[in-house]
Amino acid sequence: MQHLLRFVALDKAMPDKRDPAERRHDFREIYQEFAADRARDQASRCSQCGIPYCQVHCPLGNNIPDWLMLTAEGRLAEAYEVAAATNNMPEICGRICPQDRLCEGNCVIEKGFSSVTIGSVEKYITETAFAEGWVKPPQPARERAQSVGIIGAGPAGLAAADQLRRRGYQVHVYDRYDRVGGLLVYGIPNFKLEKQVVARRHQLLLSGGVVFHLNAEISGAASLAALRRRHEAVLIATGVYKPREIACPGIGLGNVVAALDYLTASNRKGLGDPVPAFDSGRLDAAGKHVAVIGGGDTAMDCVRTAVRQGAASVRCLYRRDRKNMPGSQREVHHAEEEGVEFVWLAAPEALIGDDVVRAVRAARMHLSVADADGRQAPVPIAGSHVELAADLVITALGFDPEDMPRLFDAPELGVTRWGTIAIDFGSMMTSLDGVFAAGDIVRGASLVVWAVRDGRDAAEQIHAYLEAKTVQPPAAAAAAE
Ligand SMILES: Cc1cc2nc3c(=O)[nH]c(=O)nc-3n(C[C@H](O)[C@H](O)[C@H](O)COP(=O)(O)OP(=O)(O)OC[C@H]3O[C@@H](n4cnc5c(N)ncnc54)[C@H](O)[C@@H]3O)c2cc1C
Ligand code: SF4
């Protein structure tokens, strides 16, 4: 039987998606699991091309053609080994990577036949591996006495912790939250990534000997300096959390809320935590006319959360058009299926209301001629306005870094002009000896898969740094004799 190159005869098929009428009312993931035969069939569509552009455009350089081939041949344990060799959380990336912009968007057969469903197969392989007991905690061949402190239990910190523990280091992860996962838990909603998927990774690292210090904010007395004394190396993986704001009249009105406050409240509610700001109705969209301002992944998560909370209507306002929005097209499609209305080419001019917002006034925009980078600037159309009723406005305009040198009481910690932590890109070390940085706090708001990549790279550099410290230079060794 032919196992590969079946894209000519076999159409692309995603795992079954739950009906919008059903999924509007709950927070469960929207895709079902692949059935084994469908996963095998879909993997067999791979053309095994000479230069695998999917792999080139995967930030982790995943060996996609090999694990597709192994899946098509039914060799799932080997497929999992290959998938896990380059990725510390393939089941998470398989669920939430914007594949249309990364691996699948660059699949060679995309040109006439629709890409291979790479992300779904990656998830399928790893879920099978969990079910079969093939996924093991990090098991170092030998223990090392040196310890590494990691600030931040998001994907960058967790990937680094996994890699360093595998090498035998004593790894301590500090996080200001009460749960492990960072934005995987408190930002990204359940309908994209259910929380037990993240908790399962936490459990594996715990059983592998990683020590977690939760509710442990590194600032003030619990300073970076104290961590540097306690550990031989420190990794900063704190993400970016300061919401960008729009300057428009009415922004201080009641019921105008920041996206992450809104999403965190919803996620905490789903986890069963007490959330007074949700229970009071302030962060609950039920029965409200909701306007979300922004066009990125965070905005998409807000509109789809509002639908599930039972909003009376949900609109998304974005100043560019559909083609030029930063969020994933697949997410827009899901949101439209669930009843969200997109108001393209509309930029808020004022929020209207007395104490509490009751409408958004927006200027209509057009896009200028593309500049040298091909980017078209949104330009207001003079005299054009639209007024949209809204009694809950959620601003989702992106995130900037907090003031890290001040937060860490470390004025000598170098930052870029954007406030992200400056590193040497070869060694990933900051301006402080033995202090490294990775993930969104270095790149600015980015993607989970890039955070995993950075965490892995940082772990390699920390290992090289610690090895160099333990190997005495010949002159020092001779002097000691
Ligand atoms: C709403 C939303 C939806 C998203 N959707 C997607 C998506 O679908 N796909 C995708 O690929 N990416 C998505 N992203 C982006 C992705 O979540 C981030 O790029 C990724 O989580 C960054 O990882 P990180 O480890 O650098 O930081 P984070 O995940 O932010 O983790 C940082 C951790 O550091 C902790 N921390 C911060 N400061 C301190 C301190 N002083 N002391 C102790 N701990 C501290 C925080 O509590 C947090 O746990 C989304 C982001 C948001 C906000
Ligand atoms: S990690 Fe993301 S980009 Fe890479 S193969 Fe998996 S889904 Fe695609």
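Which side chain has an N or O atom 2.7 Å from an oxygen atom of ligand 1? That side chain belongs to Tyr 241. Before going on, please note that this is a predicted model in which local features need pLDDT of at least 70 and side-chain atom pairs count only at pLDDT 80 or more, while totals for chains, interfaces and linings use all residues. Residues are numbered from 1 along each chain as its sequence is written, chains are lettered from A and ligands numbered from 1 in the order in which they are written, and side-chain values use heavy atoms, with hydrogens and water left out.

**Ligand 1**

Polar contacts here are pairs of N or O atoms within 3.5 Å. The table lists three of them.

| Residue | Part of the residue | Distance to an oxygen atom of ligand 1 |
|---|---|---|
| Tyr 241 | N or O atom in the side chain | 2.7 Å |
| Ser 446 | polar backbone atom | 3.1 Å |
| Pro 155 | polar backbone atom | 3.3 Å |

The protein covers 98% of the 1,000 Å² of accessible area that ligand 1 has on its own (Shrake-Rupley method, 1.4 Å probe). Around ligand 1 there are 34 residues, and the closest are Ile 96, Asp 175, Lys 192, Ile 218 and Tyr 241; a residue belongs to such a shell if one of its heavy atoms lies within 4 Å. By class, this shell has 19 nonpolar, nine polar and six charged residues (Ala, Val, Leu, Ile, Met, Phe, Trp, Tyr, Cys and Pro count as nonpolar, Asp, Glu, Lys and Arg as charged, the others as polar). Helices H9 (155-166), H15 (297-308) and H19 (448-470) each supply at least two residues of it.

**Ligand 2**

The shell of ligand 2 includes Cys 58, Cys 93, Cys 97 and Cys 103, along with Asn 62 and Glu 122. It has eight nonpolar, three polar and one charged residues.

**The second largest pocket**

H9 returns here: it and helix H5 (76-86) each supply at least two lining residues, and H5 gives the largest share, four residues. In total 18 residues line this pocket, with Tyr 80, Ala 84, Lys 136, Asp 162 and Arg 166 nearest its centre. The lining has eight nonpolar, four polar and six charged residues.

**The whole protein**

The protein has 20 helices and 15 strands (DSSP runs of H or I, at least four residues, and of E, at least two). Its C-alpha trace spans about 85 × 65 × 50 Å along the principal axes.

Terms used:
A polar contact is a pair of N or O atoms within 3.5 Å; within protein, one must be able to donate a hydrogen and the other to accept it, and residues adjacent in sequence count only if both atoms are side-chain atoms. On a 1 Å grid over the protein atoms alone, a cavity is a set of points where a 1.4 Å probe fits but cannot get out, and a pocket is an open set with protein on both sides within 12 Å along at least five of seven lines; lining residues have an atom within 4 Å of a point.
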